[in-house]
Amino acid sequence: MAYSITSAEPIEINLAPKTLIEEIIQNISMILQTIKYSAPLYRDFGISARYVDKPMQIAETLLISEIYAAVEKYEPRAEIVNISFKHDEKTGKLNPCLEVEINVE
């Protein structure tokens, strides 16, 4: 079953998720919304900010590779099926939208 996750939605951290699927979705949301080097004692966690101030097509390409690498490293129970982007014209934000399949047995 595929699940949709976007970085545009604020994270509500639940320290005791009811299901494994809820935990994995929360972890992926956290990966998407964390800039590398911003988490104390966990500097490599998240997505690099090297896409900032780049043209949209270049930023999308950079983000896709960063997202695949980060999810593979920090949440191997999920497999990315698709990545698309929502452009917020007012703020200039580029919000990735992931479709993932969760591999739990």
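Reply: Happy to. One thing to settle first: contact here means heavy atoms within 4.5 Å. Also, keep in mind that this is a predicted model.

Me: Good. With that in hand, which residues is Leu98 in contact with, leaving aside its neighbours within four places in sequence?

Reply: Leu98 is in contact with Tyr3, Ser4, Ile5, Ile28, Leu32, Ile67, Val71, Ile80, Asn82 and Ile83.

Me: Nice list. How many residues does the largest nonpolar core have, and which have the most contacts inside it?

Reply: There are 22 residues in the largest nonpolar core. Leu98 is among those with the most contacts inside it, together with Ile28, Ile67, Ile80 and Val100.

Me: And which elements each supply at least two residues of this core?

Reply: Helices H1 and H2 do, and so do strand S1 (2-6), strand S2 (78-88) and strand S3 (93-102). H2 gives the most, with six residues.

Me: Let's look at the two helices, then. At what angle do H1 and H2 pack, and how far apart are their axes?

Reply: Helix H1 covers residues 20-33 and helix H2 residues 56-74; they pack at an angle of about 140°, and their axes are 10 Å apart. Angles over 145 degrees count as roughly antiparallel and 65 to 115 as roughly perpendicular, so H1 and H2 are oblique to each other.

Me: Left-handed or right-handed crossing?

Reply: The crossing of H1 past H2 is right-handed. On the H1 side, the contact is made by Ile28, Ile31 and Leu32, while H2 brings Ile67, Ala70, Val71 and Tyr74. These residues divide into seven nonpolar, no polar and no charged.

Me: Staying on H2, what about Leu63: buried or exposed?

Reply: Leu63, which sits in helix H2, has a relative accessible area of 3% and is therefore buried. Apart from neighbours within four places in sequence, Leu63 is in contact with Ile47, Tyr51, Phe85 and Leu94. From Leu63 to Ile83 is 20 residues in sequence and 9.6 Å in space, C-alpha to C-alpha.

Me: And Ile64, what does that touch?

Reply: Not counting residues up to four places away in sequence, Ile64 touches Ile83 and Phe85. Ile64 is also in helix H2, and because its relative accessibility is 30%, Ile64 counts as partly exposed. Ile64 and Ser84 are 20 residues apart in sequence, with 8.9 Å between their C-alpha atoms.

Me: What about Asp53, what is its phi?

Reply: Asp53 has a positive phi of about 70°, although it is not a glycine. Asp53 lies in the loop between H1 and H2. Its relative accessible area is 78%, so Asp53 is exposed.

Me: Great, thanks for the tour!

Technical notes
Residues are numbered from 1 along each chain as its sequence is written. This is a predicted model: local features need pLDDT of at least 70, side-chain atom pairs count only at pLDDT 80 or more; totals for chains, interfaces and linings use all residues. Side-chain values use heavy atoms; hydrogens and water are left out. Axes are lines fitted to C-alpha atoms, for helices over the stretch in contact, and angles run from 0 to 180 degrees between N-to-C directions. Helices (H or I, at least four residues) and strands (E, at least two) are DSSP runs, numbered from the N terminus. Angles under 35 degrees count as roughly parallel, over 145 as roughly antiparallel, 65 to 115 as roughly perpendicular and the rest as oblique. A crossing is left-handed if the near helix is turned anticlockwise from the far one by less than a right angle, and right-handed if clockwise. Ala, Val, Leu, Ile, Met, Phe, Trp, Tyr, Cys and Pro count as nonpolar, Asp, Glu, Lys and Arg as charged, and the others, Gly among them, as polar. A nonpolar core is a set of buried Ala, Val, Leu, Ile, Met, Phe, Trp, Tyr and Cys residues joined through side-chain atoms within 4.5 Å. Buried means under 20% relative accessible area, exposed over 50%, partly exposed in between (1.4 Å probe, protein chains only).
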